[in-house]
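Take a look at the structure, then work through the exercises.

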Amino acid sequence: MALARLARKVKRPHGVCIKMTAVAILGLCFIFVWSMFSAPSASVTVQRESFDDIAEPVASGTRVSKSKGNVNELEKHGSSSHEKKVESGLKKKDEKKVNESLPLPAHHEHKSGKKNEKHVPNRKKEKGKLKLPSGASKENEENQELEKSQGEEAVKENENENEEEEGVVVDGKEEGLDGEGEGEGNGETEGDGDLDESADQETQEKEEKTNEGLQTEGKKRKIKGPVFDPKAHYSWKLCSTRSKHNYMPCIDVESGFTRLQSYRHKERTCPKAPPMCLVPLPHDGYDPPVRWPESKLKILYKNVAHPKLAAFMKNHNWLIESGEYLMFPQNQSEFKGGVVHYLESIEEMVPDIEWGKNIRVVLDIGCADSSFVASLLDKDVLTLSLGLKDDLVDLAQVSLERGFATVVSPFGRRRLAFPSGVFDAIHCGQCTMPWHSNGGKLLLEINRILRPGGYFILSTKHDSIEEDEAMNTLTSSICWNILAHKTDDVSEVGVKIYQKPESNDIYELRRRKNPPLCTEHENPDAAWYVPMKTCLHHIPSAIEQHGTEWPEEWPKRLETYPDWVNDREKAIADTKHWKDIVEKSYLIGLGIDWSTIRNVMDMKAIYGGFAAALLQQKIWVMNVVPVHAPDTLPFIFERGLIGIYHDWCEPFGTYPRSYDLLHADHFFSRLKNRCKQPVSIVVEMDRILRPGGWVIVRDKVEILDPLEV
């Protein structure tokens, strides 16, 4: 009724005044509402125009107001006073970031990105309520996309920075540092990276320039400091483990060992926290080892004393205790008739096996009789002995004390830490390995690391008919050719020599495709914590793959650079670089008596140039390629040298006091962002270095200064 009366009054002449009054009141209300929302709108415009100058994405908690009106009107009202307010606000935010040198971790940045995404639908609701013009809504959508892209770029930039610090290009498949992860580490590394000293310096200069540029732009970036805290204080204590002076952290398992007959684990299992104790010396002390080549015939018994070694010597006449020495008579061997006769019979069975020419790099599974390694060394064959985890007699330690290349590793469920197709021959003497069990995984692993056309030499004293038939079935299924099978009349040892096929054609002729061929994405070179697979890897056929051709005869292969080597110029320069350093500095300028040096480790090998330069010194070098560095280990084997993959955030697979000299070239600077406790690397170096041994460190000054404390 009231509305009807009001309508009748409006129709009267004096109703015009009421109309005008109502319009005026509505106009004032509109102006008031517009004035309330105009200032935030102008600030939105200013912020939008200045996004390119903002280093960080807008915080997730920032509120953005929106109002009616077109974009041109908003720009007119965006006065200089509003711009000053916004700039001062940004400066205040930047001032809060002063002295914060470390950027947010990647996961924090990802979280902030998610928060920004959550605010997008809320802003869309506001647009629906306030009916923003289409032009303004487009700009705000672009804002959101820009904020998201900047957040993602910040994350990627941070990840790339960490990878540049390590000098590698990784596909993101990281392994756990506690030894329990099983991922493809080194094998998934791509690219050459900056691999020499000059490249390290270039990377450092690039980082410095980048940091300077970021400081001027007001961006946060992690400032890399020294590896070791110079103010830190450590209280060292001796390791109180069951294995005592023979402690190997990732192989000797101390938890619950009282209930176990063996305290050594079946697989490599590293402690969650790296050991920070010092391995004690043997009870009777440790004297400098017998010098090479005399150590081939005798070593100091107290340096390798082990409770079970004395019992082992009673049943084996190839090692004899004589006074303070452990003697190795030349005419005595595990092989009846002598090891020289054993090697000659193998060469007679397969004439293509020319020790020291066609065959240069050999893997010997087990360390039962290191006279096999010693005799091959006389023929210019470099043999790497694989000490197995269940060798409680510690014969691998005896082999190292004699001066032979040896590494200790489990051989059960995971791949050995070698690339594919690198050993010219693999030998298993007096072998009792269960090759045919578990789907033939162990033999398939041997097939992986054996060079195409390479030889597998298997010798046993007592042949079992059932095991022999199972072995024949398995080797036939992987297309190994039996070149010779003979029982020697003198040694009474049955020797079988197999050869791996040289091409994939023979795999297609199999009636039963068991084991199957591995898929294309299965990387044969991935070897760090990667489980063994029951499949056959394709034999390389492309020119850019290693293993397509047999290497040149030794010693020509040392200076041969095949076509598949990426950046051959760098490899050639690396060889010349280390030859000059060794001849002009290491051999004459460091005060090292090289006649006392036999076992050497290059902790961050690249192309093997350091090992090649020391070849004339009658020493051997274990070339260690870190798992997160460019994969150059296949080329090291191609040159006729030996090496292994390793993650230096974990202890190395060897006995204490294994090496006379450790070489660390730009080693610590590459690991400063990798390991949780970098000082544990120094503890590990102390463990594997012999008393009185040498360490050569070449690195940046800021990395070395704390080491002098």
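This is a predicted model: local features need pLDDT of at least 70, side-chain atom pairs count only at pLDDT 80 or more; totals for chains, interfaces and linings use all residues.

Residues are numbered from 1 along each chain as its sequence is written, and side-chain values use heavy atoms, leaving out hydrogens and water.

**Exercise 1.** Classify the ring pair Trp-480 and Tyr-498.

*Solution.* Step one: rings of Phe, Tyr and Trp (its six-membered ring) pair if their centres lie within 6.5 Å; planes under 30 degrees apart are stacked, over 60 edge-to-face, and the rest tilted. A search of the whole structure finds 23 aromatic pairs. Step two: the centres of Trp-480 and Tyr-498 are 5.9 Å apart and the planes lie at 45 degrees, so this pair is tilted. Step three: Trp-480 sits in the loop between α13 and β9, and Tyr-498 in strand β10, 18 residues apart.

**Exercise 2.** Are Trp-480 and Tyr-498 buried or exposed?

*Solution.* Buried means under 20% relative accessible area, exposed over 50%, and partly exposed in between (1.4 Å probe, protein chains only). Trp-480 has 5% relative accessibility, so Trp-480 is buried. Tyr-498, at 0%, is buried too.

**Exercise 3.** Classify the ring pair Tyr-586 and Phe-610.

*Solution.* The centres of Tyr-586 and Phe-610 are 6.1 Å apart with planes at 75 degrees, so the pair is edge-to-face. Both Tyr-586 and Phe-610 are buried.

Terms used: Helices (H or I, at least four residues) and strands (E, at least two) are DSSP runs, numbered from the N terminus.
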